[in-house]
Amino acid sequence: MAAISTAPPPSTPAPVRRRRSRSLSQAGWPTYVLAYLLVGVCIAPVLYIVLGGFRTNSQITADPSGLPSPWEIVNYLDVLSSSVFWRQAGNSAFVGILTTLGVVVLGVMAAYVIARYNFSGRAAMYSLFAAGLMFPMTVAITPLYIMIRGLGLMNTLWGIILPQIAFALPTTIIILTPFLRAIPKELEEAASIDGASRLGFFWRMVIPLSVPGVVTVGILAFIASWNSYMLPLFILNDEMQYTLPLGVQSFASQFSTDTARVLAFTSLSMIPALVFFSLFERRIVGGLTGAVKG
Amino acid sequence: MSDSLGENSVAVRTPPEGRGPVGGGATAAPAPAGRRRGSADWRKRAEIAILAGPAILLFLAFVVFPVVMAAYYGFYRWKGFGPPTDFVGLENYRLILTDSSFHDALMHNGFIVVMSLVLQGPAAIAFALLLNQKMRGRSLIRVLIFVPYVIAEVIVGTGWSLMLQTTGAVNDFLEKIGLPDWTVDWLSDPDIAIWSLMLIITWKYIGFAVILFLAGLQSIPEELFEAAAIDGASYWQMQRSITLPLLGPTIRIWAFLSIIGALQLFDLVYIIWGQYISATAGTSTMATYMVLNGRLAGAYGYGNAVAVVLFVISLIIALIYQRYVLRRDTEGAITEGKKK
């Protein structure tokens with residue numbers, strides 16, 4: 001390193017120092033200050049919700065932006081011991097898991113076709129799903145509601161799961177297609193010489209190799225489902241079927257004077273999405289990188 | 001390129017398939033080429049149908065069909081029960097396009113589209129450059145700035161509406177740090193509410209933009225920076241001549257997602273401002289207008305017509321954007337199969 005930095009003419013030591021750093025320079029203290037400031041802004045409202053759950057209503061009224069003193073755990077215990085919370089969490093989990101499974105299975109299969117088969121309708125199929133990005137739930141929600149009602153799926157969790165799978169397919173397929181296309185052709189040829197059919201290749205090679213992409217889209221689908229609000233708002237009127245987002249809202253209006261308990265309920269309901277995300281953060285960022293490159 | 005490879009691999013693959021046990025009785029040796037190819041073709045089509053069929057069916061049934069039905073229902077005055085019979089032609093559309101509260105909602109959407117790009121874009125690029133350095137706790141920082149994006153709209157809405165109350169945490173905090181003049185009625189004052197909404201939107205979605213841009217930055221080859229540094233380029237020159245152009249596709253895709261999202265905005269407004277006061281607070285959007293005047297008013301024909309207007313507006317903007325901005329990025333991806 002030293003040898004290199006002495007080689008160029010005298011005017012260039014500064015660029016050379018940057019060269020070693022390139023885009024990945026060692027951060028100086030201003031970077032840390034700004035980065036922590038950004039983190040603080042992002043986290044403060046979340047902390048407000050979580051810490052607010054540890055306060056009492058009189059603490060919140062007397063000092064809205066203060067810290068808990070003393071810490072009260074009773075709000076959290078109340079929520080955790082209520083059947084309402086667990087029932088809604090169970091509904092959300094059921095919907096989230098089945099949506100994720102459906103999206104991943106159907107998405108991988110369709111993306112495999114688009115990525116690896118040559119046929120005349122391939123471009124049309126890709127365009128169909130790409131156009132789906134422009135069909136957000138908002139536009140379809142009213143007729144979707146009428147259709148779900150016609151199918152007799154009102155107030156059932158399946159009335160949420162099926163549309164959610166359908167609406168998550170475009171993103172899933174568009175993220176997965178470049179992943180599957182990147183699997184080298186030689187691998188497929190080698191497999192076929194060894195006597196594997198294309199479906200056999202799909203099961204034995206494609207599925208294991210596409211795990212990073214699948215985890216990415218799976219987590220995204222689960223989080224989207226866990227947070228989904230508009231569809232349950234239209235489809236679920238029966239409190240027994242409420243998922244957590246509807247539950248949070250109805251809890252917040254029902255106990256609007258009991259702010260501390262609302263905050264406790266709210267912070268408990270965001271835990272699963274946060275846990276899933278932080279466990280797989282690297283994968284999600286990696287998956288987005290693949291999608292951006294593709 | 002992948003196409004010509006594909007052709008080759010089909011040619012290579014055909015014989016082993018014909019020899020396989022499922023090859024429709026065609027044995028390896030003297031099967032006529034046409035028949036063998038036909039059976040492989042048939043098999044390929046069956047595979048395509050089995051693999052892609054379920055996804056396509058579900059997609060058509062739950063995404064495309066409802067949108068088509070919206071166009072149909074939009075021509076009727078309909079309470080949502082029984083088949084629609086009261087055909088009113090374009091009357092619903094005339095009402096929508098002359099309704100001043102729809103104009104307001106449309107203006108709000110336009111404002112949100114523009115301000116989202118203006119507020120989030122430059123800040124997110126700056127933060128991505130900032131975080132694309134070796135620093136302690138880098139991965140933790142990434143997780144933390146992504147947290148608002150991962151949290152449900154309902155939670156964001158509930159939390160912020162409590163904090164932004166006149167007696168809430170934000171005003172209290174401003175007084176504590178000696179800015180009592182800055183305390184305002186964040187949610188009800190029509191001059192301020194839409195800015196509060198922008199604040200919340202920026203807070204919630206900027207992490208996504210930063211992570212997307214970080215991913216884009218990491219795909220830029222290091223050699224370019226090395227070469228530029230050898231030529232004596234300064235840090236800012238490198239960012240302007242290398243980073244920004246090469247980050248272009250990522251920025252354009254992000255802007256597209258941001259525009260579409262802003263046009264469809266519903267959850268946050270509906271949760272924070274409720275069903276009725278979003279219009280008086282000046283934060284109504286086309287989607288909240290649709291729900292309020294459609295389903296909640298029991299006017300399903302009208303609601304569907306609003307959905308169609310919303311869809312057409314989004315589609316026109318998306319097509320223009322794709323035609324003039326995204327074209328060079330998506331050209332390869334979408335037209336690849338058609339290459340002659």
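This is a predicted model: local features need pLDDT of at least 70, side-chain atom pairs count only at pLDDT 80 or more; totals for chains, interfaces and linings use all residues.
Okay, let's start with how residues get sorted here: Ala, Val, Leu, Ile, Met, Phe, Trp, Tyr, Cys and Pro count as nonpolar, Asp, Glu, Lys and Arg as charged, and the others, Gly among them, as polar.

First stop, a cavity. Who lines it? From chain A we get Trp226(A), Asn227(A), Leu244(A), Pro245(A), Val248(A) and Ser269(A), and from chain B there's Ala152(B), Val154(B) and Ile155(B). Run that lining through the sorting and you get seven nonpolar residues, two polar and no charged.

In terms of helices, three of them put in at least two lining residues each: α12 (211-227) and α14 (244-254) of chain A, plus α6 (153-163) of chain B. Which helix gives the largest share of that lining? That would be α14(A), with three residues.

Now, the interface itself. On the chain B side, 108 residues are in contact with 104 residues of chain A. Together the two chains bury about 10,000 Å², and 74% of that is on carbon and sulfur atoms. If you look at what chain B buries against chain A, Leu51(B), Phe62(B) and Arg295(B) supply 8% of the area, more than any other three residues.

For polar contacts, the rule finds four residue pairs, with both residues at pLDDT 80 or more.

Back to elements: helix α2 (residues 33-73) of chain B brings 22 residues to the side that touches chain A, and that's the largest share. And here's the sorting again: that side of chain B has 69 nonpolar, 19 polar and 20 charged residues.

How values were computed
Residues are numbered from 1 along each chain as its sequence is written. Chains are lettered from A and ligands numbered from 1 in the order in which they are written. Side-chain values use heavy atoms; hydrogens and water are left out. Contact means heavy atoms within 4.5 Å. Buried area is the accessible area (1.4 Å probe) that two parts lose on being put together, summed over both. A polar contact is a pair of N or O atoms within 3.5 Å; within protein, one must be able to donate a hydrogen and the other to accept it, and residues adjacent in sequence count only if both atoms are side-chain atoms. Helices (H or I, at least four residues) and strands (E, at least two) are DSSP runs, numbered from the N terminus. On a 1 Å grid over the protein atoms alone, a cavity is a set of points where a 1.4 Å probe fits but cannot get out, and a pocket is an open set with protein on both sides within 12 Å along at least five of seven lines; lining residues have an atom within 4 Å of a point.
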